[in-house]
Amino acid sequence: SSTVVWFRRDLRTADHPALLAAAERASAALGLFVLDPVLLRASGRPRIEFLHRCLRSLDRELGGRLVVVDGDPVEVVPRVAAAVGASSVHVSADAGPYGRTRDAAVERHVELVRVGSPYAVTPGRVAKPDGTPYRVFTPFRKAWLAHGWPAPADTDASTVDWIASDLGRALPAGEGLPDVGALWARFRDERLPDYAKHRDRPDLDGTSRFSAFLKWGVVHPRTLLADLGPDASAFRDELAWRDFYADVLWHRPDSARRNLDRRFDRLRVDDDQERFRAWCEGRTGYPFVDAGMRQLLAEGWVHNRVRMVVASFLVKDLHLPWWWGARHFMRHLVDGDLASNQHGWQWVAGTGTDAAPFFRVFNPVTQGEKFDPNGDYVRRYVPELRDIPGKAVHQPRDPVVDHAHERREALARYAAIKG
Ligand code: FAD
């Protein structure tokens, strides 16, 4: 008997519960990935290239037997299953709004067996005592810790006998991923001890840079959590934020597109395309903001502190809709993840979860001076400022707007909808 393992956001074979379930059910499995044009359309080049790297690595793990097919999964998955005589398809559950709708449609044609998810705790499982979902992080984290998660599943590529097939297409030639286990071991040994102290400093290499691996499930968060010592609570909490936002989105799929707190629908926003372009291209005249936006275009990754500052600038200095910025991020971030991104944006805009800090307006100059104290981060990404020494590099040059003025404007607009 045979089955299909349809990989989506679980591009690995280690700690993969769906592989165990597939091996129990069938003597052999076809490993499938579907390049869905709906998802690719919203992705920029760095994102697609990173996905290809993940797929090449997974294909190597599977001994060259990963089957990659272009098309609509609703058509492709049942067709591939039928071609190998499989009556079931094994997946890690997808908690996002698009994935849930897609999976429900696939399920009308072939049995879908969901085992595990990309999160330590599957979205929807942590609830208040009265059964309703959490909207504030700190109590969620407490309940999340109390709920706990299973130990990593003992799997690898040999857990399943992979079916060879010519149903797929070749991936463009190129490299795979670096050795992610070795990268993790280095971070754990060298950076994790100072993580709490350095995690807000974009000029230092103090964070794991594991977000894109987590996004595609190259590594499962549970694998990392099992490897953390008792002093690593700051890092563990970041993984809790990831689970939290997935939980919020699971309960409120509409929050991917609109304000979680609907009172903010009345907030007045502008639609200045010229200013939006200046922000996207890193030409606002605020060096810390411009460095972040150029890092995004160059690397497809931006430090968390800088994501907060550039997002605040778009929403509170330029008064543009948060979803414009979120869309730009999703196109370019290699770690672009609907739950973390839309809710990261809504947190900054004050329209989402938590004690909404709508009155907090980041000052792009003092944020730079505080978190990039020598200006090294700015000089790395804004070459025309390379000759300006030290923190003087954070002073605005030909700014598109005056921060002090726009701050007052933002507060006035928020005040207009309060109460
Ligand atoms: P580390 O500091 O090493 O953290 C470890 C892991 O914890 C990360 O890889 C990530 O999976 C998770 N994590 C850390 N911070 C957060 C957070 N605030 N919310 C949710 N998970 C977190 N993260 C994404 O993965 N995808 C996104 O699309 C995304 N968009 C964002 C948009 C905005 C406006 C903001 C403010 C934040 C966004 N984040 C997003 C969260 C955070 O910036 C990144 O996860 C982090 O910078 C990734 O770098 P790292 O792996 O070195 O993080």
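The axes of helix α13 (residues 287-299) and helix α17 (residues 364-371) come within 8 Å and cross at roughly 75°. Axes are lines fitted to C-alpha atoms, for helices over the stretch in contact, and angles run from 0 to 180 degrees between N-to-C directions. Helices are DSSP runs (H or I, at least four residues), numbered from the N terminus. Pro287, Phe288 and Val289 in α13 meet Pro364, Gln367 and Gly368 in α17; contact requires C-beta atoms, placed from the backbone, within 7 Å.

This is a predicted model, in which local features need pLDDT of at least 70 and side-chain atom pairs count only at pLDDT 80 or more, while totals for chains, interfaces and linings use all residues. Residues are numbered from 1 along each chain as its sequence is written. The protein chain averages a pLDDT of 96 (the predictor's confidence in each residue, from 0 to 100). At least 70 is reached by 99% of the residues. For the complex, the predictor gives an ipTM of 0.99 and a pTM of 0.97.

Helix α6 (residues 137-147) packs with helix α11 (residues 233-251) at an angle of about 100°. Their axes lie 10 Å apart. The angle makes α6 roughly perpendicular to α11. From α6, Phe137, Phe140, Arg141 and Trp144 meet Asp237, Ala240, Trp241, Asp243 and Phe244 of α11.

Ala29 touches Ser2, Thr3, Val4, Val5, Ala22, Val160, Trp162 and Ile163, not counting residues up to four places away in sequence.

Methods:
Helices (H or I, at least four residues) and strands (E, at least two) are DSSP runs, numbered from the N terminus. Two residues are in contact if their C-beta atoms, placed from the backbone, lie within 7 Å. Angles under 35 degrees count as roughly parallel, over 145 as roughly antiparallel, 65 to 115 as roughly perpendicular and the rest as oblique.
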